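Please look over the chain below.

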Amino acid sequence: MGDMSKAEKDFLLRKHEQTMKLRAEYLKNSTNPFRHATGEGGTIFDAGLARYQAMRVSNFEHFKPTGHAFRVGMGVVVLPIILYAWAMKKERDGREQQYRNGEVAYKDRLFKFI
């Protein structure tokens, strides 16, 4: 903090004081044993949390499909599934070819019928 200007220090101090005030008010309200008598129940209404939850619920209603969203969906969901299926098929086909060519003895196979 030594290389900060006086304005920056004052801003940080004001911000810290405001945070401490809000914290004290929250603790006072959340630990009030008589809160149920006011009809509010035991929880404190947080406008920011309510906005966040509403945004999460209505996200699909406001979603606009774009090329970027399509590419992200393909890259995160579809492409890994396709690559994994391709790798598994290639590995199994290679193992089956070794079995059919007689390169692997029956006793050395990982999966046997007996």
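Of the 114 residues of the protein, 4% count as buried. Buried here means under 20% relative accessible area, exposed means over 50%, and partly exposed lies in between (1.4 Å probe, protein chains only). The accessible surface of the protein is about 10800 Å², and carbon and sulfur atoms hold 62% of that surface. Accessible areas follow the Shrake-Rupley method with a 1.4 Å probe, and for residues only the protein chains shown count as cover.

This is a predicted model: local features need pLDDT of at least 70, side-chain atom pairs count only at pLDDT 80 or more, and totals for chains, interfaces and linings use all residues. Residues are numbered from 1 along each chain as its sequence is written, and side-chain values use heavy atoms, with hydrogens and water left out.

**Overall layout**

The protein has three helices and zero strands. From the N terminus on, the order is α-α-α. The radius of gyration is 31 Å, well over the 13 Å that the globule rule gives for 114 residues, so the protein is more spread out than a compact globule. That radius is taken over C-alpha atoms, and the globule rule is 2.2 Å times the number of residues to the power 0.38. Along the principal axes, the C-alpha atoms fill a box of roughly 80 × 50 × 35 Å. Helices (H or I, at least four residues) and strands (E, at least two) are DSSP runs, numbered from the N terminus.

The domain assignment gives domain 1 (1-35 + 42-63) and domain 2 (64-113). Such bounds come from an automatic or database assignment. The C-alpha centres of domain 1 and domain 2 are 49 Å apart.

**Helix α3 and its surface**

UniProt, in an unreviewed entry, places a "transmembrane region" at residues 68-87. UniProt positions are given in the numbering used here, feature names are shortened, and annotations may be inferred rather than shown by experiment. In the model, the span 68-87 is 100% helix and 0% strand, and its end C-alpha atoms lie 27 Å apart.

A nonpolar surface patch of about 730 Å² is made by Phe-70, Val-72, Met-74, Val-76, Val-77, Val-78, Ile-81 and Ile-82. Patches use residues with over 30% relative accessible area and no salt bridge; like charges are joined within 9 Å, and nonpolar side chains (Val, Leu, Ile, Met, Phe, Trp, Tyr) within 5 Å. Val-77 lies in helix α3 (residues 67-101). Val-77 is partly exposed, at 47% relative accessible area.

Lys-90 is also placed in helix α3. Lys-90 is exposed, with a relative accessible area of 53%.

**Salt bridges**

How many salt bridges does the rule give? The count is four. The rule asks for a side-chain nitrogen of Lys or Arg within 4 Å of a carboxyl oxygen of Asp or Glu. Among them are these:

| Pair | Closest N to O |
|---|---|
| Asp-10 and Lys-6 | 3.8 Å |
| Arg-100 and Glu-96 | 2.9 Å |

Asp-10 and Lys-6 sit four residues apart in helix α1 (residues 6-30), about one turn of the helix. Asp-10 is partly exposed at 31%, while Lys-6 is exposed at 62%. In helix α3, Asp-93 and Lys-89 are four residues apart, so about one helical turn separates them. Asp-93 is partly exposed at 39%. Arg-100 and Glu-96 are likewise four residues apart in helix α3. Arg-100 is exposed at 65%, and Glu-96 is partly exposed at 35%.
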